[in-house]
Amino acid sequence: MSKENTDTAAAAARVDKELDLSNAGRGVWLVKVPKYIANKWEKAPGNIEVGKLKISKQVGQKAQVSLTLSDAVINIDPAEEIPRDHRLDVSVVTKQTLGVFAHSVPASGAGSADPTPESEKLFMEGRIVQKLECRPYADNCYMKMKLESIRKASQPARQLKSLEKIVQTFKPVSDHKHNIEEKERKKAEGKKSRDDKNAVLDMLFNAFEKHQYYNIKDLVKITRQPISYLKEILKEVCDYNMKNPHKNMWELKKEYRHYKEDDKKDEDGKEGGMSDSDSD
C-alpha cells in the first residue's frame, strides 16, 4: 500500500467535527448532591418536577441558596424517607477553567442506517462559574436516615440461625466414604506379619531378576513385609545408592548379582584364557 493510500484511509477513519460555541459565554453551576438524592432522580421519569431552587439575597451578605425536593420525588420510594429541604454551599471557580459539553445524535428514521460520525454534533453548554455542594439540615428525618444507614452497615453479612428441624444437608459427617473404604481394605488385608527370612530373600531375588533397582515402597508391596524387617534383610544382600542417577534406590550386592552381561564377560574371559594357553 502506498503512502498516499495510507494517509487517505487514516483521514477517512478520523472525522473532524465542529464544536458549537454559541453558548460558550453562558455561566453554569456545578452542583454536587448526596447519593440518596441522585438515586431518587435516576428513578424519576423525565416529565416530572424534581425540586425547586430558591435564591435569597440580602444587602451586604452572600446569596443563600436552598433546594426543596418535590412530592413526586419523595414518594418514588415511600419506604425510604429522605430529607426534603437542603442548603447549597456556594464557592466561586477562579483558578480553573471548566466547561460543560453535550453530544447529540440525530434520530434515525425507520429503515434508515445507523447515523454516521459526520451527522453527530458537539455543543458547549457553558462555562462553570460556581460550584455548589448540597447539604441536608440536621433535622429528625436526616438523623433517622443516618441511624438506619449505620444499622444496615453494622449488620454482618453472615448470620447464625437456629433450626427447628434437622436439615440433612447441614448434618455433619463423622467419617467420609473414602476413609471408611480405606479402613476396610486395611482390615481385610490384615496386619503385616514377618515371614521366614529365606522366603523373603527368595522374593527379593526373584524381583531383582526383573529389575536392577527398586524403591523401598515397591519392595514393601512385593514382599508384603514390615518396612523395618525388610530393611534389615536388604542391608545384608543389597546396597543403598546415595548418588544419582539411582539415588535412594536399592541394588543387589556384587556377590549376589547374576545378569546376562556378567555371563558374557565371564565367557569372554574364559575364551581369552583358553586361546592364550593354546598359543603357549
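Ser-70 counts as buried, because its relative accessibility is 9% and the limit for buried is under 20%. The model is predicted.

**Around Ser-70**

- Ser-70 sits in the loop that connects strand E4 (64–69) with helix H3 (71–74).
- Which residues does Ser-70 touch, not counting those up to four places away in sequence? They are Glu-49, Val-50, Gly-51 and Arg-84.

**Strand E7 and its partners**

- Strand E7 covers residues 121–136, and strand E1 (residues 19–20) runs parallel to it, joined by 2 bridges. Within this pairing, Asp-20 has Phe-123 of E7 as its bridge partner.
- Strand E2 (residues 27–32) also pairs with E7 in the parallel sense, over 6 bridges. Here Leu-30 stands opposite Lys-131 of E7.
- Strand E5 (residues 85–92) is antiparallel to E7, and 7 bridges join the two. Val-92 has Gln-130 as its bridge partner in E7.
- Strand E6 (residues 99–104) runs antiparallel to E7 as well, with 6 bridges between them. Ser-104 is placed opposite Lys-121 of E7.

**The largest pocket**

- The largest pocket holds about 400 Å³ of space.
- Its lining is made up of 15 residues, and those nearest the centre of the pocket are Glu-80, Glu-81, Met-145, Glu-148 and Ser-149.
- Two elements, helix H2 (35–43) and helix H4 (140–154), each give two or more residues to this lining. The most comes from H4, which supplies 8 residues.
- Sorted by class, the lining of the largest pocket contains 7 charged, 6 nonpolar and 2 polar residues.

- Lys-253 belongs to the loop between E9 and helix H9 (260–279).
- Lys-253 and Leu-234 are 19 residues apart along the chain, and their C-alpha atoms are separated by 9.8 Å.
- Once neighbours within four places in sequence are left aside, Lys-253 is in contact with Lys-235, Glu-236, Val-237, Cys-238 and Asp-239.
- With Lys-235 there is a polar contact: the side chain of Lys-253 reaches the backbone oxygen of Lys-235 at 3.3 Å.

- Most peptide bonds are trans, and most residues other than glycine have a negative phi. The next points list departures from these two patterns.
- The peptide bond that joins Asn-244 and Pro-245 is cis, with omega at about 10 degrees. Pro-245 is in the loop between strand E8 (238–240) and strand E9 (250–252).
- Asn-248 is not a glycine, yet its phi is positive, at about 65 degrees. Asn-248 lies in the loop between E8 and E9.
- Arg-224 is found in the loop between helix H7 (216–223) and helix H8 (227–237).

Technical notes:
Residues are numbered from 1 along each chain as its sequence is written. This is a predicted model: local features need pLDDT of at least 70, side-chain atom pairs count only at pLDDT 80 or more; totals for chains, interfaces and linings use all residues. Side-chain values use heavy atoms; hydrogens and water are left out. On a 1 Å grid over the protein atoms alone, a cavity is a set of points where a 1.4 Å probe fits but cannot get out, and a pocket is an open set with protein on both sides within 12 Å along at least five of seven lines; lining residues have an atom within 4 Å of a point. Grid points are joined across faces, edges and corners, and a volume is the space filled by probe spheres set on the points. Helices (H or I, at least four residues) and strands (E, at least two) are DSSP runs, numbered from the N terminus. Ala, Val, Leu, Ile, Met, Phe, Trp, Tyr, Cys and Pro count as nonpolar, Asp, Glu, Lys and Arg as charged, and the others, Gly among them, as polar. Contact means heavy atoms within 4.5 Å. A polar contact is a pair of N or O atoms within 3.5 Å; within protein, one must be able to donate a hydrogen and the other to accept it, and residues adjacent in sequence count only if both atoms are side-chain atoms. Buried means under 20% relative accessible area, exposed over 50%, partly exposed in between (1.4 Å probe, protein chains only). Two strands pair if DSSP finds at least two bridges between them.
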